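Okay, everyone, let's get going.

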Amino acid sequence: MTGAHAETASPPGGSLSGRRALVTGGAGGIGLAIVRALAARGAHVIVADVDRARCDAVATEVGGSSWPVDLLDPAAVAETELAPVIADVDILVNNAGIQHISPLEDFEPQEFRRIVTLMLEVPFLLIRAALPGMYARGFGRIINVSSVHGLRASAYKSAYVAAKHGLEGLSKVAALEGGEHGVTSNCVNPGYVRTALVEKQIADQARVHGIPEAEVLAQIMLTESAIKRLVEPEEVASLVAWLAGDEASMVTGASYAMDGGWSAR
């Protein structure tokens, strides 16, 4: 990990000055928007991403630290490796994610395990490593970037839906255990966000549904939403930044839908 250590202090008002944040998958998409939003409020942000070059570049951009890491490598998330990175983190944002679209009968077990590992087991390991320091300081914010698929299911996404539903439960347990220690835990649940991950899904969705790619947004991705557009990464980041601050100290165990009305059905 590279970059200077920021002094931990009690920030004034809505500022995150003096807070230290870790954002997984922070070099692109939703994660990048979150990194920028937290840094803009004064936090020292540790950017964790498998892409070393982008990880370093983003950390330099926001004056934070870079943690190039493959979170699917068991050695990278071993207790001895996590401790020096995460022990003094005040704000943990579990954002890293991957997707695979396939009918259940064709879904490769190895791919299922890979998705659940990255999107459920790794957040557990990071939360576990961060909590002792948060408890000792009497402050912590665990923010899990879940999905509308943490609240609803869609066909052909068994691993993703299972992982996000599990993340919802993990987040609530962390909220119940952390409350007396000044630690909150919440989920943010966007619908389809304008990211490279979603762009890649368009071709996959067209294939499994047997429709042209040009029809995927209207027929598949936005059919359940009252507002017919993709969510912007910056919209998700603004909610994460609010949850990270002192003004959200009574918000815990919650799941905030940002899905254009999808989950209202």
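Let's start with the second largest pocket, which holds about 160 Å³ of space. It is lined by 14 residues, and R229, V231, M258, D259 and G260 are the closest to its centre. By class, that lining splits into 8 nonpolar, 3 polar and 3 charged. Here nonpolar is Ala, Val, Leu, Ile, Met, Phe, Trp, Tyr, Cys and Pro, charged is Asp, Glu, Lys and Arg, and polar is the others, Gly among them.

Quick housekeeping: this is a predicted model, with local features needing pLDDT of at least 70 and side-chain atom pairs counting only at pLDDT 80 or more, while totals for chains, interfaces and linings use all residues. Residues are numbered from 1 along each chain as its sequence is written, and side-chain values use heavy atoms, with hydrogens and water left out.

On terms, we work on a 1 Å grid over the protein atoms alone: a cavity is a set of points where a 1.4 Å probe fits but cannot get out, a pocket is an open set with protein on both sides within 12 Å along at least five of seven lines, and lining residues have an atom within 4 Å of a point. Points are joined across faces, edges and corners, and the volume is the space filled by probe spheres set on them.

Now the largest pocket, at about 860 Å³. Of its 40 lining residues, N95, A96, G97, I98 and L197 sit closest to the centre. Helix α6 gives the most to this lining, 4 residues; helices (H or I, at least four residues) and strands (E, at least two) are DSSP runs numbered from the N terminus. The lining has 20 nonpolar, 13 polar and 7 charged residues.

Last stop, helix α2, residues 52-62. C55, V58, A59 and V62 are buried there, meaning under 20% relative accessible area, against over 50% for exposed and partly exposed in between (1.4 Å probe, protein chains only). They cover an arc of only 100° around the axis, so they're on the same side of α2; the arc is taken from directions from the helix axis to the C-beta atoms. Over on the other side, A53 and T60 are exposed. And just after α2, G63 has a positive phi of about 70°.
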